[in-house]
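Could you walk me through how to read the features of a protein model? I'd like the general idea each time, then the case at hand.

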Amino acid sequence: MRSSHQRRERDRTNAVLHALLQLGPGPHKLSEITARTAMDEEEVRRRLLQLFKAKVCYRPHFGYWELRPTPVAPTDTPGLVHPSATPLLDAALLLEGLHSRTEQAVLLHTYSPITGERLCIGVAGAHDLRLRRELAFAPRAVSRLRQAPLDSDAAGLVMLANLAGHDTPLREDLRQIWATQVALTKAPLPGWILVSVPVRRLPGAPTIPGAEPRVVASVSILAPDHAHGDPLVAYGRLMRNAVQAATESSVVITPPRFAAAQAA
């Protein structure tokens, strides 16, 4: 079992990695990276050197740091992910962990308050040959899995049920989803289902201390509709536990202004 010191060291290094991920592609000054953490420049530099030795990032110029590009595997299905997606390391680890345990494709959706749509921002396990073959013959299903109104299927409904105020009357299907915190519907891909649970904070995403967490996303299992057992119970319980564990153990990125106020 890891000691508290080892966990603290890991979390601080991950916080620097998250800062690089937030800044996006290209070289970034040490000061820009430091501003997105709660550490001083010297500690951030040491963490960057650790990432450099692990070949996660490199120094294109003196004083600048850049993430190494991650090659896209030929088995990936990029069409499922919305182009505006911003990767978060801990969220990707959550999806990969669920895929490993269920052997099913796992999707992460967030929502747009402007358009009222759910947007796919991450996927794991889409390399399954049967799934890829069926998606290849159903481009409309790919489009609907990537982006669709919130009331289209489980991935959006589980967010919709939680976005309403506590005193807002819900229609029966949303009331049941709110009570169980799990949704099950047919998927846009014929012959497949979506089992979805809400996410109140994306693992590793920025948060404001003291603010009441609201549902910001959903995690879904995309499985053939003849999956063995009761997917609503089995997958739902597994995903709820995994989301809670990932959220509690992930590095919380403190907004720069709050971090500055703490340091003052």
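Q: What should I know before I start?
A: This is a predicted model, where local features need pLDDT of at least 70, side-chain atom pairs count only at pLDDT 80 or more, and totals for chains, interfaces and linings use all residues. Residues are numbered from 1 along each chain as its sequence is written, and side-chain values use heavy atoms, with hydrogens and water left out.

Q: What span does helix α3 reach, and what is expected?
A: Helices (H or I, at least four residues) and strands (E, at least two) are DSSP runs, numbered from the N terminus. The expected span of a helix is 1.5 Å times one less than its number of residues. Helix α3, residues 41-53, has 13 residues and reaches 18 Å from its first C-alpha to its last, close to the 18 Å expected.

Q: Which residues of α3 are buried?
A: Buried means under 20% relative accessible area, exposed over 50%, and partly exposed in between (1.4 Å probe, protein chains only). In α3 the buried ones are Glu-43, Val-44, Arg-47, Leu-48 and Leu-51.

Q: Why do they line one face of the helix?
A: An α-helix has 3.6 residues a turn, so residues three or four places apart point the same way. Looking down the axis of α3, its buried residues fall within an arc of 140 degrees (taken from the directions from the helix axis to the C-beta atoms), so they line one face. They pack against α1 (4-23), α2 (30-34), β2 (57-58) and β3 (64-67), where contact means heavy atoms within 4.5 Å.

Q: What happens at the ends of α3?
A: Asp-40 caps the N-terminal end, with a side-chain oxygen 3.3 Å from the backbone nitrogen of Glu-42. Just after α3, Lys-55 takes a positive phi of about 65 degrees.

Q: In what order do the 3 strands of the open sheet with β1, β2 and β3 come?
A: Two strands pair if DSSP finds at least two bridges between them. Here the order is β1-β3-β2, with antiparallel pairing. β1 (28-29) and β2 are the edge strands, each pairing on one side only. β1 and β3 are joined over 2 bridges, and His-28 has Trp-65 in β3 as its bridge partner.

Q: And what is the order of the open sheet with 6 strands?
A: That one runs β6-β5-β4-β9-β8-β7, again antiparallel. Its edge strands are β6 (147-149) and β7. Ignoring direction, neighbouring strands are turned by 30 degrees against each other on average; axes are lines fitted to C-alpha atoms, for helices over the stretch in contact, and angles run from 0 to 180 degrees between N-to-C directions. Helix α5 (residues 129-136) packs on this sheet, touching β4, β8 and β9, and makes about 105 degrees with the direction of β8.

Q: Is β8 enclosed or open to the outside?
A: In strand β8 (residues 192-199), 8 of the 8 residues are buried, so the strand is largely enclosed by the rest of the structure. β8 pairs with strand β9 (residues 217-224) over 8 bridges, with Ser-196 opposite Ser-220. On to β7 (residues 183-186): 4 bridges join that strand to β8. The two form a hairpin with 5 residues between them, and Gly-191 in the turn has a positive phi of about 85 degrees.

Q: Is Arg-140 buried or exposed?
A: Arg-140, found in helix α6 (residues 139-146), counts as exposed because its relative accessibility is 63%.

Conventions:
A polar contact is a pair of N or O atoms within 3.5 Å; within protein, one must be able to donate a hydrogen and the other to accept it, and residues adjacent in sequence count only if both atoms are side-chain atoms.
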